[in-house]
Amino acid sequence: MAENAYREIITKAVCGKGKKFSQSAHTVTPTHKPSNILGCWVINHKYKTTYHKDAVIVEGTYDINTWYSFNNNTKTEVVCETVNYRDRVPLTLRDKQVVSDHVDVACRPLQEPNCLEAKISPNGNRVVAQVEREFLVEVIGETKVKVRVDDDGLVEAVDEEENEEELDKELDSLDSEFLTDDDKEDE
């Protein structure tokens, strides 16, 4: 292999990756003392990310809707509360060849926030909702990549005059007997 067998290329690539699963217990305060929990679901999930050298912080909100009965199971109501969360997703894969501090963060939920369980609190006037979520984050930045160069793939620069001479030689060696009548008219 020649001395120039390797080249360094600067390109955008995934320079860090991380994944985190979280569970949170949120307390929802209904307007009436609940008798039974009839359903609980999570909607309107919104989040944003910020990059810190060894982790990505995911901060967001979602609405917890709880359907419950009250007044000895004779009436029902839905209570909605917006809750905040903050997850620190550690980067388990990190590239040390990053050439710039300017990076982009791609984040996607592997598990959208979902209510696992909702139950009436021990004091009887609140609802405790257990919510799970999971995120995958990728840090995209400029990094150095080393590639091997194949000597057979190198092309030497050719003089244009040499090219024209070779083309003239090839045209002179053509047999004019094989030309059709249409080709002769073009001459």
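Q: How many bridges join strand S1 (residues 6-28) to strand S7 (residues 127-148)?
A: This is a predicted model, in which local features need pLDDT of at least 70, side-chain atom pairs count only at pLDDT 80 or more, and totals for chains, interfaces and linings use all residues. Residues are numbered from 1 along each chain as its sequence is written, and side-chain values use heavy atoms, with hydrogens and water left out. Strands are DSSP runs (E, at least two residues; helices are H or I, at least four), numbered from the N terminus, and two strands pair if DSSP finds at least two bridges between them. S1 and S7 run antiparallel, and the number of bridges that join them is 22.

Q: Which residue in S7 stands opposite Ala-13?
A: S1 covers residues 6-28 and S7 covers residues 127-148. The residue of S7 that stands opposite Ala-13 is Gly-141.

Q: Which strands stand at the edges of the sheet, each with a single partner strand?
A: The open sheet has 4 strands in the order S5-S1-S7-S6, with antiparallel pairing. An edge strand has a single partner, so one side of it is left without a neighbour in the sheet; these strands are S5 (93-94) and S6 (104-120).

Q: With the side chain of which residue does the side chain of Thr-143 make a polar contact?
A: Thr-143 lies in strand S7 and counts as buried at 2% relative accessibility. Buried means under 20% relative accessible area, exposed over 50%, and partly exposed in between (1.4 Å probe, protein chains only). Leaving aside residues up to four places away in sequence, Thr-143 touches (heavy atoms within 4.5 Å) Ile-9, Ala-13 and Val-99, among others. A polar contact is a pair of N or O atoms within 3.5 Å; within protein, one must be able to donate a hydrogen and the other to accept it, and residues adjacent in sequence count only if both atoms are side-chain atoms; at 2.6 Å, the partner of Thr-143 is Asp-95.

Q: How many bridges join S3 to strand S4 (residues 75-90)?
A: S3 also pairs with S2 in the antiparallel sense over 15 bridges, and 13 of the 16 residues of S3 (residues 55-70) are buried, so S3 is largely enclosed by the rest of the structure. S3 and S4 run antiparallel, and the number of bridges that join them is 16.

Q: What is the bridge partner of Thr-50 in S3?
A: S2 and S3 form a hairpin with 2 residues between them. Within S3, the bridge partner of Thr-50 is Ile-57.

Q: What is the phi of Asn-71, which is not a glycine?
A: Most residues other than glycine have a negative phi. Asn-71 is placed in the loop between S3 and S4 and is partly exposed, with 46% relative accessibility. Its phi is positive, at about 60°.

Q: Near which value is the phi of Asn-44?
A: Asn-44 lies in strand S2 and is partly exposed, with a relative accessible area of 45%. Asn-44 has a positive phi although it is a residue other than glycine, and the value is near 55°.

Q: Which strand gives the most to the nonpolar patch?
A: The surface patch is formed by Leu-38, Trp-41, Ile-43, Trp-67 and Val-78. One of its residues, Ile-43, is partly exposed, with a relative accessible area of 35%, and lies in S2. With 3 residues, the strand that gives the most is S2 (residues 34-52).

Notes: Patch = residues over 30% accessible without salt bridge, like charges linked within 9 Å, V, L, I, M, F, W, Y side chains within 5 Å. Areas by Shrake-Rupley, 256 points an atom, 1.4 Å probe, with all protein chains shown as cover. Salt bridge = Lys/Arg side-chain N within 4 Å of Asp/Glu carboxyl O.
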